[in-house]
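This report describes the fold, the nonpolar cores and one surface feature of a protein model. The sequence and structure come first.

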Amino acid sequence: MEIISASPKRYLRLGLLKEVLKITDNVQDEYLFKVIEQNSYVIDAIVNREFNKQKRKETKYYVKDMILLDVTPVLSVESIIADNQEISNYALFEDSGIIIFETYKCNFEKVIVTYEGGYETDEESFEIPGDIEKACLELCLYQITGDVAIKSERIGDYQVQYQDVLNIYTDVEKLLKNWQRIE
């Protein structure tokens, strides 16, 4: 796999994070970008995929009938080279990143696909879906503030239960469950 170009790995808008934290200056922007990037990598690990827009060249070996591209949604396919021959007869399912070859019962030893996929992550044209951004926000807030939220509370015989780090990750995993890639 070769990444030809990529937008920053930032699944949360800096402006939103600063708004929630009530930060009005730019003094901490570099630090906040690092925190956003770190937690974007955490999200990638949780869901076993990447979301930032990328132009890639992927090589798949011993391909039978179809392939699964790593970055979705697929925005465009520049070329598909299978066993040194350009392939033009295929069906592309953009959202899932599946390419099905229309040649019946095809077997290729090596397929090279050059394509562009993913979501734009710069502040001006941000496209990351809301639940991914919310998950990134939750992780960033926990990392920056270290605050533990009250998860439940009872008034009679007063009882409080605080959310801990395991609960943060459990909540984030719930937000991301529909984005999980299983191979």
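## Fold and cores of the predicted model

In this predicted model, the protein chain contains 4 helices and 10 strands. Read from the N terminus, the order of elements is β-α-α-β-β-β-β-β-β-β-α-β-β-α. The chain has 183 residues, and 38% of them count as buried. Among contacts with a separation of 6 or more, 71% are between residues 24 or more positions apart.

**Main core**

The largest nonpolar core has 27 residues, and those touching the most other members are Leu 17, Ile 43, Phe 51, Ile 132 and Leu 176.

| Element | Residues |
|---|---|
| Helix 3 | 130–145 |

The most is given by helix 3, with 7 residues. Leu 17 lies in contact with Leu 12, Leu 32, Ile 36, Leu 137, Cys 140, Leu 141 and Ile 144, leaving aside residues up to four places away in sequence. Another core lies apart from this one; it has 16 residues, including Leu 69, Val 74, Ile 99 and Tyr 115.

**Helix 3**

Helix 3 is built from 16 residues and spans 22 Å from its first C-alpha to its last, close to the 22 Å expected at 1.5 Å a residue. Its buried residues are Ile 132, Glu 133, Ala 135, Cys 136, Leu 137, Leu 139, Cys 140 and Leu 141. An α-helix has 3.6 residues a turn, so residues three or four places apart point the same way. Among the buried residues of helix 3 are Leu 137, Cys 140 and Leu 141, and these three are also on the contact list of Leu 17. Just after helix 3 comes Gly 146, with a positive phi of about 70°.

**Surface**

The protein chain exposes about 11000 Å², of which carbon and sulfur atoms supply 48%. Which residues make the nonpolar surface patch of about 260 Å²? They are Met 66, Phe 93 and Ile 100. Of these, Phe 93 belongs to strand 6, which covers residues 90–93.

Technical notes. Residues are numbered from 1 along each chain as its sequence is written. This is a predicted model: local features need pLDDT of at least 70, side-chain atom pairs count only at pLDDT 80 or more; totals for chains, interfaces and linings use all residues. Side-chain values use heavy atoms; hydrogens and water are left out. Helices (H or I, at least four residues) and strands (E, at least two) are DSSP runs, numbered from the N terminus. Buried means under 20% relative accessible area, exposed over 50%, partly exposed in between (1.4 Å probe, protein chains only). Contact means heavy atoms within 4.5 Å. Accessible areas come from the Shrake-Rupley method with a 1.4 Å probe; for residues, only the protein chains shown count as cover. Patches are made of residues with over 30% relative accessible area and no salt bridge: like charges are joined within 9 Å, nonpolar side chains (Val, Leu, Ile, Met, Phe, Trp, Tyr) within 5 Å. A salt bridge is a side-chain nitrogen of Lys or Arg within 4 Å of a carboxyl oxygen of Asp or Glu. The expected span of a helix is 1.5 Å times one less than its number of residues. A nonpolar core is a set of buried Ala, Val, Leu, Ile, Met, Phe, Trp, Tyr and Cys residues joined through side-chain atoms within 4.5 Å.
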